[in-house]
Amino acid sequence: MLAAGHRPFAGRLARHPEDLLHLSTAPRILLIRLERIGDVLISVPVLRALRARYPLGQIDLLVSRTNYAVHDAVAPFVTQVLCYQKNVRSALGLLRSIRRARYDVVVDLVDHPSANAQLVIRWSRARAAVGLLHPRSGLYTHAVPVLDRETVHPVERLAQLLLPFGVDPAAEPLDLAYPLSQADIARARETLGPRTRPLRLGVNLSGRLVERYWGRANYVGVIRHVMTAAPRFAISVCGAPRDQSEVLAVAQETGAQAVPPRPSLQEFAAILHEFDLLLTPDTAAVHLAAAFKLPMVALYQPEPGLALWLPYKSPHRAVVDPAGIPAIPLGRVSAALDDLIRERFGVS
């Protein structure tokens with residue numbers, strides 16, 4: 001489909017903040033982000049800036065069942081979240097709804113060609129379409145240059161989409177955010193129980209992919225190291241529901257607390273909020289924790305040509321190995337934790 005509809009980009013390229021769209025004070029805007037939870041979390045600064053620019057506008061976000069769990073994170077900034085279930089019936093009903101909504105502009109929040117996003121742009125019949133300039137940008141009426149993918153954080157690359165709305169991304173606070181209520185926090189504190197030590201270290205075992213699991217022996221080793229080197233920290237082990245048996249095994253072997261699986265992203269985010277320090281592989285937890293400015297050590301496998309999705313504007317240490325996360329030596333992670341603890345919490 002992409003090949004059949006391909007044509008060169010012939011719209012306006014926005015290199016500076018300028019109101020090229022000339023929208024009303026209450027425009028109808030649809031944003032598309034159909035991939036992972038972390039993709040939506042790093043898009044929050046764009047949503048927040050558009051809501052501030054158009055407080056009376058209808059701003060909708062289209063996601064998929066893969067990342068619909070993040071709808072609570074965007075609730076303060078969007079009118080509604082639409083969900084594509086990835087089947088024919090859902091697609092047809094959704095496309096009809098999108099066309100009936102008569103959006104003024106569709107914004108593609110992905111910096112590479114997406115067949116689904118281009119189908120929505122075509123079907124919506126919106127008078128304008130905005131996206132990051134890539135080889136399949138012919139459907140866009142307005143585009144922005146893609147900043148260097150090897151050196152620029154994806155949060156800042158996405159923020160360039162604000163330029164044709166007349167918003168200067170350099171003047172916007174691009175910090176991530178995740179709203180939690182007092183009830184959310186109270187439930188998390190009840191789950192974790194009273195503090196037994198002055199500080200809490202959370203250890204998240206789960207990555208989006210199996211290949212991002214660091215290994216039981218490594219997690220057991222690093223927890224034992226922190227228990228000896230930094231006894232101020234009570235340690236809680238957590239993970240996705242599918243990894244609960246591994247969470248229990250690591251906790252049992254070390255004497256750390258096993259956090260029961262959380263039924264929603266909102267509850268998991270509230271658990272992270274209660275930690276003082278986090279150890280996690282590269283996954284959505286990195287961006288949830290960054291929203292709370294939670295110091296963390298994050299484990300990465302580099303992707304050629306792409307900057308690491310580091311915790312944006314949040315204190316961290318990134319530990320990387322070209323052979324993948326399972327190949328990262330225990331000593332490097334222990335040293336990163338020691339270094340970050342000294343920096344953020346001093347020497348006990």
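Student: How many bridges join strand 9 to strand 10?
Tutor: Two bridges. The model here is predicted. In it, strand 9 covers residues 233–238, and strands 9 and 10 run parallel.

Student: What is the bridge partner of Val-237 in strand 10?
Tutor: Ala-258.

Student: And what's the strand order in the open sheet?
Tutor: The order is 10-9-8-11-12-13. That makes six strands, with parallel pairing.

Student: Which strands stand at the edges?
Tutor: Strand 10 (257–258) and strand 13 (316–320). Each has a single partner strand, so one side of each is left without a neighbour in the sheet.

Student: What holds paired strands together in general?
Tutor: Strands of a sheet pair through backbone hydrogen bonds, either parallel or antiparallel.

Student: Moving to strand 8. How many of its residues are buried?
Tutor: Six of its six residues, 199–204. Strand 8 is mostly covered.

Student: Which residues point which way from strand 8?
Tutor: Leu-199, Leu-201 and Val-203 point one way. Arg-200, Gly-202 and Asn-204 point the other way. Both sets are buried.

Student: Why the two sets of side chains?
Tutor: In a regular strand the side chains alternate between the two faces of the sheet.

Student: How many bridges pair strand 8 with strand 9?
Tutor: Six, in the parallel sense. Leu-201 stands opposite Ile-235 in strand 9.

Student: Through which helix does the chain cross from strand 8 to strand 9?
Tutor: Through helix 8. This β-α-β crossover is right-handed.

Student: What about strand 8 and strand 11, how many bridges there?
Tutor: Three, again in the parallel sense. Strand 11 spans residues 277–281. Its Leu-278 is the bridge partner of Gly-202.

Student: New topic. How many salt bridges does the structure hold?
Tutor: It holds 18.

Student: Which residue does Arg-149 form a salt bridge with?
Tutor: Asp-111. The closest N and O atoms are 2.9 Å apart. The pair links distant parts of the chain, 38 residues apart. Arg-149 sits in the loop between strand 7 (142–144) and helix 6 (154–159). Asp-111 sits in the loop between strand 5 (105–108) and helix 5 (115–124).

Student: Is Asp-111 buried or exposed?
Tutor: Asp-111 counts as buried, at 17% relative accessibility. Arg-149 is partly exposed, with a relative accessible area of 29%.

Student: Is Glu-246 buried or exposed?
Tutor: Glu-246 is buried, with a relative accessible area of 17%. Arg-216 is partly exposed, at 37%.

Technical notes:
Residues numbered from 1 in each chain as written. Predicted model: local features only at pLDDT ≥ 70, side-chain atom pairs only at ≥ 80, totals over all residues. Heavy atoms only, no water. Pairing = 2+ DSSP bridges. Helix = DSSP H or I, 4+ residues; strand = E, 2+ residues; numbered from the N terminus. Salt bridge = Lys/Arg side-chain N within 4 Å of Asp/Glu carboxyl O. Buried < 20%, exposed > 50% of the residue type's maximum accessible area, 1.4 Å probe, protein only. Right-handed = clockwise from strand over helix to strand, strands pointing away.
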